[in-house]
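The model is predicted.

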Amino acid sequence: EVKVAERTAQLSQLNEALETSNHDLQQFASIASHDLQEPLRKIHMFSKAIQDRFNDQLPAEIKVYFDKIIRSTDRMRALIIDILNFSRLSAEISFFRHSDINTMFAEVLEDFEVAIREKQATVTAGDLPDIDVIPGQFRQVLHNLLSNALKFTRPEIPPVVRFEAIRVGARSFEAPPDPNGTFYRFSITDNGIGFDEKFAENVFKLFQRLHPKDRFEGTGIGLAITKKIIERHNGIITAQSHDGQGARFDWIIPATH
């Protein structure tokens, strides 16, 4: 009993230290985000002002430099926002709500209406369940995965994306369908450029990019955020793909919390 009491006290101290560390990290992330975004905003604003006002007088080479400055500040701003969102996931207190995933996915599709039309994409979904999720975060999972499916496409081939869900009896990717199961396995598949299967785990790490940024925009944080959200739902996620043969993302979360 003495040893248990000592161990409990140690764990309590560690938890307090961790909470303090998380709080300090949140303060640092917020301050850094604000302090970094303000000079970036001015660099972007003044570069754009020079470009717009003196465009006809600038040599072609200088125009290229200004375009690169503006694109770089846009990427940096996106990176700062993504890092801040990732850091907030650890400390954010969120609540599960029984949610209609059909309605949620339809709302996400509206966000990509222009991209879907421009790329002549076909996006379909199976019969999706009503389950307990943190609505804003689960919506972000759908947004990130659909964004990737519409981004990493093959030239001249219209994207085809499919979103499905089946009920399973265990939190395992080998679990067979079970109409009375307590978990749901979701999957999003596409026919895009895919990636080498050996990088399947790396795609969920911070700042990991498998494709050059000059061809595809992004910060390399979206899938790391996705994995963290799934873990907050007490779930697991995996990726399958082959070069030039599309990609598939599967995740399993409990039906209720």
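## Helices on the sheet

Helix H6 (residues 222–232) lies across S6 and S7. H6 runs at about 140° to S6.

Helix H5 (residues 135–151) covers another set of strands. H5 lies across S2, S4, strand S5 (183–189) and strand S7 (247–254). Its direction is about 170° to S7.

Five strands make up an open sheet. Their order is S2-S4-S5-S7-S6, and the pairing is mixed. Strand S2 (122–125) and strand S6 (236–241) are the edges, each pairing on one side only. From one strand to the next, the twist averages 15°.

## Where the two helices meet

H5 and H6 also touch each other. Their axes come within 9 Å and cross at roughly 145°. The crossing of H5 past H6 is left-handed.

On the H5 side, the contact uses Gln-137, Phe-138, Gln-140, Val-141, Asn-144, Leu-145 and Asn-148. On the H6 side, it uses Gly-222, Leu-223, Ile-225, Thr-226, Ile-229, Ile-230 and Arg-232. By class, the contact residues divide into seven nonpolar, six polar and one charged. Arg-232 in H6 is among the residues of this contact.

Most residues other than glycine have a negative phi.

Glu-156 is found in the loop between H5 and S4. Its phi is near 65°, a positive value in a residue other than glycine. Glu-156 counts as exposed because its relative accessibility is 79%, over the 50% cut-off.

Asn-234 lies in the loop between H6 and S6. Asn-234 is not a glycine either, yet its phi is positive, at about 60°. Is Asn-234 exposed, partly exposed or buried? Its relative accessibility is 43%, so Asn-234 counts as partly exposed. That class runs between the 20% and 50% cut-offs.

Notes
Residues are numbered from 1 along each chain as its sequence is written. This is a predicted model: local features need pLDDT of at least 70, side-chain atom pairs count only at pLDDT 80 or more; totals for chains, interfaces and linings use all residues. Side-chain values use heavy atoms; hydrogens and water are left out. Two strands pair if DSSP finds at least two bridges between them. Helices (H or I, at least four residues) and strands (E, at least two) are DSSP runs, numbered from the N terminus. Axes are lines fitted to C-alpha atoms, for helices over the stretch in contact, and angles run from 0 to 180 degrees between N-to-C directions. Contact means heavy atoms within 4.5 Å. Buried means under 20% relative accessible area, exposed over 50%, partly exposed in between (1.4 Å probe, protein chains only). A crossing is left-handed if the near helix is turned anticlockwise from the far one by less than a right angle, and right-handed if clockwise. Ala, Val, Leu, Ile, Met, Phe, Trp, Tyr, Cys and Pro count as nonpolar, Asp, Glu, Lys and Arg as charged, and the others, Gly among them, as polar.
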